Amino acid sequence: MTPATHSEVSRNGLTRRTFLAGTGSLLGTVALASPAAAALAPVADGARIPALVIGSGYGGSVAALRLAEAGVDVRIVEMGMAWDTPGSDGKIFANTTQPDYRSFWLRTRTKQPLSNFLGFPLDKDVPRHTGILDAEEFGGIIVYQGRGVGGGSLVNGGMAVTPKRENFAAILPSVDAAEMYATYYPRANAGLGVATIDPQWFETAECYQYARVGRKHAQRSGFPFTFVPDVYDWEYMKQEQAGTVPRSALAGEILYGNNHGKKTLQKTYLARAAATGRVTVSPLHKVTSVVPAAGGGYTVRIDQLDTSGSVTATKEITADRVFFAAGSVGTSKLLTRLKATGALPALNDEIGKGWGDNGNVMCGRANHLWDPTGALQSSIPTAGIDNWAAGGAFAEVAPLPTGIETFASFYLSITKNPNRAQFTWNAATGTVDLNWQTAWKQPSIDMAKSIFDKINAKEGTIYRTDLFGAYKIWGDHLTYHPLGGAVLNKATDNYGRLHGYSGLYVIDGALIPGNTSVNPFVTITALAERNIDRILATDL
Ligand code: FAE
């Protein structure tokens, strides 16, 4: 298979030539790592493809790179946009403080994780568009996910955390930890470009005053405080602070994309995958069905979307192998529906099970007036409070990049919440439901309180009640970290091969049973590296 020609491919209505003209200076500085290096093309109806990857997040990017390096031609099908074309403001991504049409996936009103501030609701109307952040609503939880080429890497905080080895057996019990920590975690960290903040710079940087306040409060209450590595370019951040480059993290960019500084998958795994010449990505293409093909392989049905979300074409292609990398929710929804509706009836009864929220819960604390957290806050968190062993919580010291002094400390806690939910097919509505209950967050709240009740008592401070509604302390209605739904060694074998069908694989966060004890994408990447190694050695 030859990759599509680069010259006149239409993306989001622009030709490549127009795109190059509009972004010349950007391409000049990051030419090799730019998403422009990726071959982007709509998939042709009737095509025959050796390896199809559904989704371009962490799992999908690892699979694409390693398959291509082994000489296999790969097609990535991604339902979101390419995110390579500036808007009328000259920027590719919208600012967190000013959401616009680019910000949300097919919504007419924003659904911001922090919905209120000082009693005022923050959400506003926006034009419906295939924007970058999906706030997917199930009965008891809103699951935030990235949409576009690069998946979650487009919208996340880049916190790149390898779990403590003593916690690994609880995260992935069937996986050889020695091999993960000797080979696959290091490989993932290198591939993602993970680095830790310069600790000396941290001590003086104005934009991390909030984190230093977080450290002071943690340590005064006797909690271990640790730096957290990130994929943000720390040298670029230093220049942002010095005022010598355009600001991104220091301009509050994060949830709707970073115009500079963050090493997203577009700049790491996907750029390397594109450089092989064997990987083509089809943005605004959504996989809707996978069924065994008469002559071997799988018939895959794909809807091509426009930026209003309307289907402009439906295509059928044949793929020898299909890698499900649509994220925990995307992969689980597809597999649950395909099993229940008879497309893939031999999938086992573990499909849809073992889903968790990584124990996410948010809260804010109101500090005293003599303890300001700073008007300038880097949107990239860099530190956490580790009370996992004693209290079941690891709390990121998170920014509140409002541009004004708020005297607030803000935290996203990852907790050892034991509750697990299940995806099921709802034939009446034709949708896949998730049975998570809001009340199932109570263990997470209790674990987070093991840190913050103590800090509040020590500091003589109180919880903020204005961030998630009126008089509501806990952000217990959401997760950023969906995990599970096609769990390793249950729905699949110990390397992600789906039971019941040869040539079908799961290679994303759906494999991980609900919790990683820290932020999840390094573990998703490392597990994908491990599994594709084995698959390449034995299946291809
Ligand atoms: P993911 O990255 O979600 O990629 C799946 C891709 O598949 C997406 O691009 C979808 O658009 C696409 N897709 C879905 N369905 C289809 C379909 N039917 N057809 C075609 N394409 C489809 O999956 N994690 C950290 O470790 N550190 C952080 O600092 C962090 N911060 C976060 C902040 C936010 C606001 C959010 C939302 C998440 C954050 N995460 C963080 C979580 C992290 O981004 C997430 O675990 C990974 O992105 C999941 O990787 P996957 O490969 O499983």
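Which side chain meets that of Asp 476 in a salt bridge? The partner is Lys 472, with 2.7 Å from N to O. A salt bridge here is a side-chain nitrogen of Lys or Arg within 4 Å of a carboxyl oxygen of Asp or Glu. Side chains of opposite charge can pair when their charged atoms come close.

This is a predicted model, in which local features need pLDDT of at least 70 and side-chain atom pairs count only at pLDDT 80 or more, while totals for chains, interfaces and linings use all residues. Residues are numbered from 1 along each chain as its sequence is written, and side-chain values use heavy atoms, leaving out hydrogens and water.

**Salt bridges overall**
- Searching the whole structure turns up 28 salt bridges.
- One network of salt bridges links Arg 66, Glu 69, Arg 272 and Glu 529.

- Asp 476 is buried at 13% relative accessibility (buried means under 20% relative accessible area, exposed over 50%, partly exposed in between, with a 1.4 Å probe and protein chains only).

**Arg 278 and Asp 73**
- Arg 278 pairs with Asp 73 in a salt bridge whose closest N and O atoms are 3.0 Å apart.
- Arg 278 sits in the loop between helix H9 (269-275) and strand E9 (279-282), and Asp 73 in the loop between helix H3 (58-69) and strand E3 (74-77), so this pair ties together parts 205 residues apart in sequence.
- Helices (H or I, at least four residues) and strands (E, at least two) are DSSP runs, numbered from the N terminus.
- Arg 278 is partly exposed, with a relative accessible area of 32%, whereas Asp 73 is buried, at 9%.

**Asp 349 and Lys 339**
- Another salt bridge joins Asp 349 to Lys 339, with the closest N and O atoms 3.6 Å apart.
- Asp 349 is exposed, at 56% relative accessible area, and Lys 339 is partly exposed, at 24%.

**Around Glu 136**
- You can find Glu 136 in strand E6 (residues 133-137), where this residue is buried, with a relative accessible area of 13%.
- The Glu 136 side chain makes polar contacts with the side chains of Gln 145 (2.9 Å) and Lys 333 (2.5 Å).
- A polar contact is a pair of N or O atoms within 3.5 Å; within protein, one must be able to donate a hydrogen and the other to accept it, and residues adjacent in sequence count only if both atoms are side-chain atoms.
- Not counting residues up to four places away in sequence, Glu 136 touches several residues, among them Ile 141, Val 143 and Val 329 (contact means heavy atoms within 4.5 Å).
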